[in-house]
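Work through the exercises below with the sequence and model open. Try each task before reading its solution.

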Amino acid sequence: MDEWRKRQRPPETGAPAPSGALPARVGVPPLPSWLVPRPRLTDRLSRGVLGPLTVVVGPVGAGKSAVAVEWAHTRTAPGPVAWVTCDGSEEQPDVFWSRVPAALREAGVDLPDLSAMPRLATVDPATGAGADGLTSVASLEDWPLLVASVAASLAGREDPVVLVLDDFQPETGSPVALGTAALLRHASPALRLVVVSRRDPPLHLHRYRLAGELTELRTADLAFDDRETAALLAQHGVEVPRQAVSTLRDRADGWAAGLRLAAMSMQRHPHPEKFVAQFAGDDEAVVSYLVEEVLDGQGPAMRDLLLSTSVLEHLNAELATELAGREAGAHFAALVGQNSFLQYMGNGWYRCHRMFADVLRVRLRHEAPGLVPGLHCRAASWLAEHGLLAEAVRHALAAGDWRQASRLIVHQLAIGQVLALTDARLPNELVRLTPADLRDLPGQSLDPETALVAAAAALRRGEQPACVQALELAERLLSRLPREESDRVARCRLSHAVVRMTKDRCCDPPAARAAAADVEGLFADVPRTLLADRPELKALALSIRGRAELREGGLKAAEASLTAGLKAAGAAENEALRRDCLAELALLEVVRGRFRAADELAGHAQRPPLPAGMPEDPSRAALHVVRAWVGMARLESGRARSELARAHAALRTAPDPFVAGIGSLVAQLVSAMERGTPPPPGTVEAIPDTAEWLADGLRRPVRQACAASVGAIRAHTLRRPGSDDRTAVPEHRRQDEPPPVDALSAREQDVLQRLAQMMTTEEIAAELYLSVNTVKTHLKSVYRKLAVTRRSAAVRRARELELL
C-alpha cells in the first residue's frame with residue numbers, strides 16, 4: 001500500500017511525476033507533458049524578474065515548481081536563466097554553494113576559476129562527490145569567499161542573469177541563508193533572484209517589499225481558477241458541467257494536488273458529478289497524501305498544535321494557545337512561518353487551507369475523538385470574551401452544548417440576531433437545528449436562556465405555537481432564578497420582551513406596545529455600552545411605540561419616536577425596521593395634509609423595493625394608502641384606485657383598523673373626484689367626527705387634510721374647459737361674467753391651500769421648497785386679490801368664492 005501511494009502521489013506541481021530518473025539538481029527541468037498552462041502566473045513572473053527578487057511561496061502540491069518550469073520554458077526573461085533544485089530543509093552549505101556556480105556556468109555566465117581559491121576543492125553538485133571543474137566549500141568558513149567572488153563577477157555584467165532556487169528552505173542565520181542574502185545584495189542589479197519555497201525565505205523580504213522591489217506569488221495566487229480546473233480534468237478525460245467544475249475547485253480551495261487527486265479518482269468513477277458533490281478533505285487519497293507529506297514530518301508539539309487548532313475556521317496566537325496549551329502554543333510563530341497552508345487574513349488572524357483543515361479534523365477525530373467537544377467549548381468561551389459572538393455560538397453548537405450557546409446569546413443581548421432584526425446574523429444552523437420541543441435536548445437541564453433562544457428560533461421559522469410554549473416555559477424558569485442573579489434576570493426579561501414584541505407587532509399591536517414598554521423599561525437594568533451595540537432592539541421598540549402614538553393622536557410624540565427609530569434602524573442596517581418607520585412617518589404626514597412630504601417618505605421606504613415574500617409586512621398597507629391619498633390630491637384617480645386595491649389586499653394578511661379607516665376615507669374622496677361633483681362644504685370635513693377608528697387628537701388634522709383635498713377637487717371641477725388650468729370658474733356664473741377677484745396663480749393657490757391647513761409661514765416654505773420671504777410675498781398678493789388683511793379672513797373669503 002505504501003509503495004502504491006508513492007507511485008500515486010502528485011509531485012510539487014500537483015500532477016503525477018513522469019517516469020524516469022530524478023531531475024538534475026542543476027539546470028532547468030524538462031517541461032512535463034501533464035502541465036496545465038497558466039499564463040496569468042507566468043506573466044507575473046516575467047514582470048517580477050525585471051526587479052531584484054521574486055518569491056513563489058505555497059504549500060506542498062500547490063504547483064509552485066510547475067509554474068516556474070513553465071515560465072523558464074516560455075519565458076520573457078531579461079537574460080540567461082540559471083536553475084538550482086535545492087534539498088529543502090536538508091540543504092547542506094557545501095553542496096548548495098557548489099551548485100550555484102555550476103548552474104550559473106551552465107546558463108552561460110562567465111565565472112573565475114574558483115578552484116584556485118584557497119581551501120576550495122571540487123565536488124559533484126548532485127552527489128557531493130569530487131568532480132573536476134566544480135567547486136565546493138571545504139568548510140563553513142569558506143562560503144563568504146565564494147559569495148564575494150561570484151557577486152563581484154555578476155556585478156560587472158552588463159546583462160542581467162536570473163537565478164532560480166527551487167525548494168529553497170534554509171534556516172534563518174544559516175550559511176545558505178546569509179550567503180544568498182549577501183549574493184543578492186552585492187550582485188545587484190545584474191542578479192535577479194527567483195525563490196520557490198514552502199515558506200517565506202529568510203532574505204529580508206520586508207526591505208524589498210517596502211522598496212517596491214519584491215514580487216510575490218502566494219497560496220491564493222497559485223490556486224487554480226475554473227478554467228484551469230477544467231483543463232486539468234480534460235487531461236484525465238473527465239467532462240462535467242461548468243457548475244460541477246466550480247464546485248470542485250471551491251471544495252479543493254484551488255489546491256493543485258487536491259484537484260489532480262480528484263481527477264484521478266473521477267476517471268474511475270461511474271458518476272463524476274456525484275463524486276464532486278461528496279469530495280472533501282476526508283477523501284482517502286487526500287488524507288494519505290497530506291499526512292505523509294506534511295503531518296508526519298512535524299514534531300510532537302507542532303503536531304498537537306495543528307490538530308488542536310483544526311476545529312477553528314480562523315485562528316491567532318492567543319486562541320491557538322488557549323486550545324493547544326502553552327507549550328504547543330509557543331510554536332505558533334514557527335507554524336506560521338513554516339506552513340503556507342495557513343493564509344494571513346490581517347490583524348494577526350490566519351485561515352487554514354480548507355482541505356488541509358479537513359484532513360487535520362479527520363486525524364483529530366481518529367486519534368482523540370473525546371477531545372473535540374472540549375476544544376469547541378474552549379474556543380466558544382474565548383471567542384465570546386473577545387466579542388466574536390457568531391463564531392462562539394458556532395463552536396458551542398459544534399460541541400452540542402445548547403446551554404452555552406443560548407447563554408452566550410442572551411448574555412450579549414443578541415436575541416435580535418436570532419430574530420433577523422439586524423444584518424449581523426448568528427449561524428443558520430442555530431435556527432434550523434433548535435428543536436421546537438425542548439424535551440428533544442437529552443441530558444440537559446433547561447434554563448431560561450435555552451427556552452428564550454428556542455422561542456426566537458421557532459418564531460423565525462414561523463412556528464407560532466412553539467414560540468408561545470417556549471415563552472411560557474421561559475417565564476416559569478425565570479421565576480425560579482435567585483435574586484442575587486439580578487443582571488442575568490434583567491437580560492433574560494429583556495430578551496423575553498423582545499421576542500414578544502416581534503411576535504405581536506403584526507397580529508396584536510396593543511400587546512406589542514405593552515412589550516415595547518417593557519423593553520424600554522428594562523433598558524436601564526442592562527449595561528449601556530452593550531445596548532449601544534444592539535441598535536436593533538431600540539429601533540424595534542421605537543417603531544412600535546411611534547406606531548401606537550400615531551394611532552392615539554400624539555403626532556409630535558409619534559414623529560419623535562419614529563425619527564429616532566429610523567436612525568436606530570439605520571445603525572442596525574435593518575431594512576424592514578427602516579421601512580416601518582418611514583411608512584409610519586409618511587402616514588403621519590398625509591394625516592397632516594402634507595402630501596408632498598408624505599410622497600417623498602413613501603418613495604424612500606420603497607427603495608429598495610419591498611420584498612415579494614413578506615405578506616405580513618405591516619408597512620405595506622400603510623404605504624399603499626399614503627400613495628393613494630397622494631394620487632388623489634394630485635387628481636390622479638386611476639393611480640389612487642390602484643393603490644387602494646393593493647392596500648386592501650395587504651390588509652387581509654396584516655389587519656390594521658387605522659390604516660383601513662384612512663383607506664376608506666380616501667376612497668370616498670376619490671369617488672367624489674370621479675363623479676365630478678364635489679361634496680357640499682362641511683360634508684367630508686365631518687367624516688372624521690363620526691369615525692370610531694380615529695382618536696380624538698387626530699380629528700382636527702384629518703379634518704383639515706380632508707378640507708384641503710376637497711378644495712383641490714372643487715378647484716379642478718370648476719376650471720374652464722380649455723383654460724391654462726390656473727383659474728377656477730364657478731359653474732353658476734356665466735362664462736362671460738368677470739370673476740369677483742383677480743385670478744390666483746398656481747403657486748398662490750398652493751399657498752392658500754396650506755394656509756387653510758393652519759400651517760405656519762415656515763411650514764409652508766418647507767413644504768413648497770420656497771424661502772420664507774417668497775411665501776410672505778405670495779401671501780401679500782393673496783390678501784390683496786381677496787381684499788382681506790388677515791389669514792382667517794383670507795381662508796373664509798376663499799371658501800365663500802369656492803376657491804377652497
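Predicted model: local features only at pLDDT ≥ 70, side-chain atom pairs only at ≥ 80, totals over all residues.

**Exercise 1: another loop residue, and a proline**

Task: Where is L413 found, and what is its phi?

Solution. Look in the loop between α21 (402-411) and α22 (415-418). Phi of L413 is positive, about 55°, although L413 is not a glycine. L413 counts as buried, at 1% relative accessibility.

Task: Which residues does the cis peptide bond join?

Solution. The bond joins S188 and P189, with omega about 5°. P189 belongs to the loop between α6 (175-186) and β6. Most peptide bonds are trans.

**Exercise 2: the sheet**

Task: What is the strand order of the open sheet of five strands?

Solution. Read the order as β2-β5-β6-β1-β7, with parallel pairing. Two strands pair if DSSP finds at least two bridges between them. At the edges stand β2 (81-88) and β7 (214-217); each has a single partner strand, so one side of each lacks a neighbour in the sheet. From one strand to the next, the twist averages 15°. Axes are lines fitted to C-alpha atoms, for helices over the stretch in contact, and angles run from 0 to 180 degrees between N-to-C directions.

Task: Over how many bridges do β1 and β6 pair?

Solution. Strand β1 (residues 53-57) and strand β6 (residues 191-197) share five bridges, in the parallel sense. T54 stands opposite V194 in β6, and V56 stands opposite V196. On β7, β1 pairs over four bridges, also parallel. There V55 stands opposite E216.

Task: Which residues of β1 point one way, and which the other?

Solution. L53, V55 and V57 point one way; T54 and V56 point the other way; all are buried. Five of the five residues of β1 are buried, so the strand is largely enclosed by the rest of the structure.

**Exercise 3: a helix and a buried glutamate**

Task: How far does α26 reach from its first C-alpha to its last?

Solution. Helix α26 (residues 486-504) has 19 residues and reaches 27 Å, close to the 27 Å expected at 1.5 Å a residue. The expected span is 1.5 Å times one less than the number of residues. Of the 19 residues, 15 are buried, so α26 is largely enclosed by the rest of the structure.

Task: Which residues are in contact with E449, leaving aside its neighbours within four places in sequence?

Solution. E449 lies in helix α24 (residues 448-460). E449 is buried, with a relative accessible area of 4%. Its contacts (heavy atoms within 4.5 Å) are S406, R407, V410, R488 and C492, apart from neighbours within four places in sequence.

Conventions: Residues numbered from 1 in each chain as written. Heavy atoms only, no water. Helix = DSSP H or I, 4+ residues; strand = E, 2+ residues; numbered from the N terminus. Buried < 20%, exposed > 50% of the residue type's maximum accessible area, 1.4 Å probe, protein only.
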